[in-house]
Amino acid sequence: MTNDKGRMTARGKFITFEGPEGGGKTTHARRLVEQLQAAGRQVLYTREPGGTPTGEAIRDILQHDKAGEAPCSETEVLLFAASRAQLVRHVIIPALERGAWVVCDRFADSTTAYQGYGRGFPVEQMIAINEFAINGAQPDLTLLLDLPVSDGFARLQQRGGQKDRIEREALEFHERVRAGYLAMAQRWPERFRVVDVRRPVEEVTAEIWNLVERVSR
Ligand code: Z5A
């Protein structure tokens with residue numbers, strides 16, 4: 001990779017946080033950003049759906065029925081993919097090319113988990129749609145923050161706030177999502193690391209940092 005002066009630059013690393021509800025993705029993504037910055041890295045934090053003006057507008061439609069009607073399941077898949085395509089091309093790839101580390105709160109695996117395993121669309125079809133959207137921008141490391149569905153919901157209840165459209169799905173839907181994530185971690189062991197988050201925040205933070213240090217070598 002070369003910069004605009006033709007010198008060689010190192011590509012940054014791309015780290016994604018995934019998992020069922022209430023696992024601490026946002027908490028730990030933000031902590032990781034602080035740790036990376038303290039270690040002298042240039043870091044970009046972003047999230048899905050969202051992260052660009054187009055993506056944030058799509059987020060409003062998806063989570064809060066902003067268009068005034070609930071999107072059908074096919075539209076849902078394509079809107080998540082559209083948000084992702086924009087984020088990858090306008091934010092993630094440019095940041096990686098200038099050598100920054102990118103920390104993303106949910107990414108393509110969420111579509112495979114929620115729309116594939118959860119809603120029941122063919123998993124291979126979700127993977128193909130993701131490939132079209134991400135343009136080769138595969139994460140270097142995917143941290144799957146895993147916990148039982150009921151524990152995640154208990155944490156969200158404690159945090160307060162209203163449930164969004166997908167959070168209101170039946171318990172069985174969320175169980176399929178969790179099982180789907182664990183199946184993906186087995187399928188792509190070179191990229192996925194499963195982190196058991198039924199432990200104090202500080203312990204989880206330390207484990208995540210260990211895993212991240214390994215990808216920087
Ligand atoms: N979705 C999809 O269907 N398809 C897709 O392709 C994509 C997404 C990209 C995005 O919602 C929704 O879109 C999501 C999947 C779907 N929907 N559902 N359902 P979001 O971005 O608004 O929310 P989320 O990604 O689901 O995150 P979350 O569930 O709100 O929470 P979290 O980020 O994992 O956790 P947190 O906010 O950091 O922590 C939750 C609470 O637990 C908080 O009070 C923390 O202080 C506490 N916490 C965190 N760690 C611990 C530990 N270790 N012990 C105790 N308490 C803890």
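## Helix packing, cores and backbone

Threonine 112 lies in helix 4. Helices (H or I, at least four residues) and strands (E, at least two) are DSSP runs, numbered from the N terminus. This is a predicted model, in which local features need pLDDT of at least 70 and side-chain atom pairs count only at pLDDT 80 or more, while totals for chains, interfaces and linings use all residues. Residues are numbered from 1 along each chain as its sequence is written, and side-chain values use heavy atoms, with hydrogens and water left out.

Threonine 112 is buried, at 2% relative accessible area. Buried means under 20%, exposed over 50%, and partly exposed in between (1.4 Å probe, protein chains only). Setting aside neighbours within four places in sequence, threonine 112 is in contact with Tyr117, Val123, Met126, Ile127, Asn130 and Met184. Contact means heavy atoms within 4.5 Å. Threonine 112 and methionine 184 are 72 residues apart in sequence, yet their C-alpha atoms are 8.7 Å apart in space.

**Helix pairs**

Axes are lines fitted to C-alpha atoms, for helices over the stretch in contact; angles run from 0 to 180 degrees between N-to-C directions. Angles under 35 degrees count as roughly parallel, over 145 as roughly antiparallel, 65 to 115 as roughly perpendicular and the rest as oblique.

| Helix pair | Axis angle | Axis separation |
|---|---|---|
| Helix 2 and helix 3 | about 160° | 8 Å |
| Helix 4 and helix 7 | roughly 130° | within 8 Å |
| Helix 3 and helix 4 | about 175° | 10 Å |

Helix 4 and helix 7 are therefore oblique to each other. Their crossing is right-handed. A crossing is left-handed if the near helix is turned anticlockwise from the far one by less than a right angle, and right-handed if clockwise. Among the contact residues are Thr112, Tyr114 and Tyr117 of helix 4 and Phe173, Val177 and Met184 of helix 7. The contact comprises eight nonpolar, four polar and two charged residues. Here Ala, Val, Leu, Ile, Met, Phe, Trp, Tyr, Cys and Pro count as nonpolar, Asp, Glu, Lys and Arg as charged, and the others, Gly among them, as polar.

Helix 2 and helix 3 are roughly antiparallel. Helix 2 passes helix 3 in a left-handed crossing. Ile58, Ile61 and Leu62 of helix 2 take part, as do Leu79, Phe80 and Ala82 of helix 3.

Helix 3 and helix 4 are also roughly antiparallel. Glu76, Val77, Phe80 and Arg84 of helix 3 meet Ala108, Thr111 and Gln115 of helix 4.

**Nonpolar cores**

A nonpolar core is a set of buried Ala, Val, Leu, Ile, Met, Phe, Trp, Tyr and Cys residues joined through side-chain atoms within 4.5 Å. The largest core has 20 residues. Helix 8 (201-216) gives the largest share, five residues. Phenylalanine 17 is among the residues with the most contacts inside this core. Beyond four places in sequence, its contacts include Leu32, Val103, Leu143 and Ile208. A second, separate core of 17 residues includes Leu79, Phe173, Ala185 and Phe192.

**Backbone**

Which bond joins glutamate 48 and proline 49? A cis peptide bond does, with omega of about -15°. Proline 49 sits in the loop between strand 2 (43-47) and helix 2.

Arginine 106 has a positive phi, near 75°. Arginine 106 is in the loop between strand 3 and helix 4 and counts as buried, at 13%. Asparagine 135 also has a positive phi, about 55°. Its loop runs between helix 5 (123-134) and strand 4. Asparagine 135 is partly exposed, at 48% relative accessible area.
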